[in-house]
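Here are my notes on this one, jotted down as I went through it. Have the viewer open while you read.

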Amino acid sequence: MARIKPQALLQQSKRKKGPARISLTTIIMLTLIVVLILFFVYATYRHWTQRSRIHIENRESVIEGDNSFMDSKKSDLPGYAILDTAKGSITVELFKDSSPEVVDQFLDLCQRGHFNGMLFRHVIKHYVIQAGDSDKLGAVEDWTLKGKQYSQLDTSLKHEAFMLGTSKVKHDKKEFELFITTAPIPDLNEKLIVFGKVIKGEDIVQEIEEVDTDEHYRPKSSIGIRSVNLKQSI
């Protein structure tokens, strides 16, 4: 076998193809494609981020708007009621936040004149005075024993005197009664929905409490509410 000369080997190696080189144009094109892909991903991310932020802000603004509307509505409602009685005036602060539904109903009835001329039907000393259109004894008889039982005031009792409430038993527009406690009542929540407190005229309440009553705790001489005036502030 003939031996290949070194010069021939050198020429053959020159003829062999080397690895294909990537052109500059290809590199630029690939770089642009990568940049475009990254830009698209970034733009998509910013779009959805901003959209989520705007949605959250809009929802918060709607909630704040509703809350501000409700707050403004509450602030527009009268916060005080002045009961003009034959003995004098009793000023009551209304609990608009803790008892909004009952306060709304009370205000509506006041504007309709529901309480004008309403009599105090039952008076239990050291317990409660009750004004209403109904002359039925109902729960009042049940309250009588408790009124006597709690005539000796206990500092540990839950509820204060001079609280304004309406009966849970009779709680509609036709039979909306008013109760003003004249002593702390431990089971007040079982009997009344409290929606206000006397802040002026406690002496008038006590004067009504001292009127003569019959055996059924009904005042012997008629005494009632002449009118109710509503005030936003005192």
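1. Start with the contacts. Residues 24 or more positions apart make up 68% of the protein's contacts with a separation of 6 or more. Bear in mind that this is a predicted model.

2. On the overall layout, the protein has six helices and eight strands. Reading from the N terminus, the order is α-α-β-β-α-β-β-α-β-β-α-β-α-β. There are 234 residues, and 35% of them count as buried. The accessible surface is about 15800 Å², with 55% of that belonging to carbon and sulfur atoms.

3. The largest nonpolar core is made of 32 residues, and Ile90, Phe106, Phe115, Leu178 and Phe195 are the ones with the most contacts inside it. Which element gives the most to this core? That would be α3, with six residues. Another core, of seven residues, lies apart from it; Tyr127, Phe179, Ile185 and Leu192 are among its members.

4. Helix α3 deserves a look of its own. With twelve residues, α3 reaches 16 Å from its first C-alpha to its last, close to the 16 Å expected at 1.5 Å a residue. Its buried residues are Val102, Val103, Gln105, Phe106, Leu107, Leu109 and Cys110. As a reminder, an α-helix has 3.6 residues a turn, so residues three or four places apart point the same way. What covers the buried residues of α3? The cover includes β1 (80-85), β2 (88-94), β5, β6, β7 and β8 (225-231). After the helix comes Gly113, with a positive phi near 75°.

5. Now the rings. The structure has five aromatic pairs. In one of them, the ring centres of Phe106 and Phe176 are 6.5 Å apart and the planes sit at 35°, so this pair counts as tilted. Phe106 is in helix α3 (residues 100-111) and Phe176 is in the loop between β5 and β6 (178-181), which puts the partners 70 residues apart and makes the pair a link between distant parts of the chain. Both of these phenylalanines are buried.

6. Phe176 also pairs with Phe115, edge-to-face this time, at 5.9 Å centre to centre and with 75° between the planes. Here too distant parts of the chain are linked: Phe115 is in the loop between α3 and β3 (120-124), and 61 residues separate it from Phe176. Taken together, ring pairs join Phe106, Phe115, Phe176 and Phe195 into a cluster.

7. Staying with Phe115 for a moment, which residues does Phe115 touch beyond four places away in sequence? They are Phe106, Leu109, Cys110, Phe176, Leu178, Ile225 and Val228.

8. On to the charged pairs, where the structure holds four salt bridges. One of them joins Lys197 and Glu160, with the closest N and O atoms 2.6 Å apart. Lys197 is in strand β7 (residues 192-200) and Glu160 is in the loop between α4 (139-149) and β5 (163-167), so to speak of sequence, 37 residues apart; the pair links distant parts of the chain. Lys197 counts as partly exposed at 27% relative accessibility, and Glu160 also counts as partly exposed, at 45%.

9. Another salt bridge runs from Arg112 to Asp108, with the closest N and O atoms at 2.8 Å. Arg112 has a relative accessible area of 60%, so it is exposed. Arg218 and Asp214 form a further salt bridge, with the closest N and O atoms 3.2 Å apart. Arg218 is partly exposed at 25% relative accessibility, and Asp214 is partly exposed with a relative accessible area of 23%.

10. Last, a residue in strand β2: Thr91. At 7% relative accessibility, Thr91 counts as buried, the cut-off being under 20%. Which residues is Thr91 in contact with, leaving aside its neighbours within four places in sequence? The contacts are Ala81, Ile82, Lys197, Val198, Ile199, Lys200 and Ile234. Lys197 in that list is the salt-bridge partner of Glu160.

Notes
Residues are numbered from 1 along each chain as its sequence is written. This is a predicted model: local features need pLDDT of at least 70, side-chain atom pairs count only at pLDDT 80 or more; totals for chains, interfaces and linings use all residues. Side-chain values use heavy atoms; hydrogens and water are left out. A salt bridge is a side-chain nitrogen of Lys or Arg within 4 Å of a carboxyl oxygen of Asp or Glu. Buried means under 20% relative accessible area, exposed over 50%, partly exposed in between (1.4 Å probe, protein chains only). Helices (H or I, at least four residues) and strands (E, at least two) are DSSP runs, numbered from the N terminus. Rings of Phe, Tyr and Trp (its six-membered ring) pair if their centres lie within 6.5 Å; planes under 30 degrees apart count as stacked, over 60 as edge-to-face and the rest as tilted. The expected span of a helix is 1.5 Å times one less than its number of residues. Contact means heavy atoms within 4.5 Å. A nonpolar core is a set of buried Ala, Val, Leu, Ile, Met, Phe, Trp, Tyr and Cys residues joined through side-chain atoms within 4.5 Å. Accessible areas come from the Shrake-Rupley method with a 1.4 Å probe; for residues, only the protein chains shown count as cover.
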